Amino acid sequence: KDVIGGLHGTLMGGAVVENGRLKLNGKTAFMETAPLARSVREKTLEAWAAPANLDQRGGGVVSLESKGGVAFDAVVYGERVVGRWMAGSDGFRRTHDLDGPSETAKPGELVHVAVVYGADNSISIYRNGEPYVPPYIPMGDGAGLRTYTPGGSHILLGLRHTGAGNGFFTGEIAEARLYD
């Protein structure tokens with residue numbers, strides 16, 4: 001349940017909420033919200049997540065996607081480099097392999113991760129309130145900031161994007177936020 005706005009979610013694929021945390025099995029479980037009520041461009045995706053294991057690959061913690069996952073921006077764990085956080089995106093257009101430290105959280109230990117997409121096309125990533133890596137500006141075709149339209153976009157928790165076979169996060173999410 002969205003306690004601030006109206007983006008209430010539907011649990012899918014065996015996702016459950018226990019003791020205030022969304023529990024995700026890494027295979028089929030995720031949560032999908034209702035469509036956005038307004039456009040989003042500059043944004044921050046933020047989550048308090050506990051990876052169940054540090055060797056998992058490509059799990060989306062919180063994603064903003066267009067219908068069908070054609071375009072998306074996400075907080076992702078371990079997709080291109082095991083044990084590292086990154087800003088996931090469609091076709092890796094806004095994604096960089098980052099030289100941040102490997103995750104050390106124990107199972108059940110919450111980690112705060114935030115990805116900020118600035119109006120200047122910069123992307124900044126934070127872990128537990130500290131810069132994870134220096135900000136970067138992605139280059140190339142389609143690398144600029146995307147606009148997610150009202151009625152045509154929604155949030156996913158626990159899945160990188162619709163249709164991602166290996167995009168499921170294994171662990172728990174205590175809280176997630178989208179700032180526009």
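The second largest cavity has a lining that divides into five nonpolar, three polar and one charged residue. In that count, Ala, Val, Leu, Ile, Met, Phe, Trp, Tyr, Cys and Pro are nonpolar, Asp, Glu, Lys and Arg are charged, and the others, Gly among them, are polar. Residues are numbered from 1 along each chain as its sequence is written. This is a predicted model, where local features need pLDDT of at least 70, side-chain atom pairs count only at pLDDT 80 or more, and totals for chains, interfaces and linings use all residues, while side-chain values use heavy atoms, with hydrogens and water left out.

Now for the cavities. The structure has two of 30 Å³ or more. On a 1 Å grid over the protein atoms alone, a cavity is a set of points where a 1.4 Å probe fits but cannot get out, a pocket is an open set with protein on both sides within 12 Å along at least five of seven lines, and lining residues have an atom within 4 Å of a point. Grid points are joined across faces, edges and corners, and a volume is the space filled by probe spheres set on the points.

| Cavity | Volume | Lining residues |
|---|---|---|
| Largest | About 50 Å³ | R80, V81, R84, W85, M86, D97, L98 |

In the largest cavity, the lining has four nonpolar, no polar and three charged residues.

Then there's the largest pocket, with about 940 Å³ of space. Its lining takes in 31 residues, and D2, V3, L7, A176 and R177 lie nearest the centre. By class, that lining has 18 nonpolar, six polar and seven charged residues.
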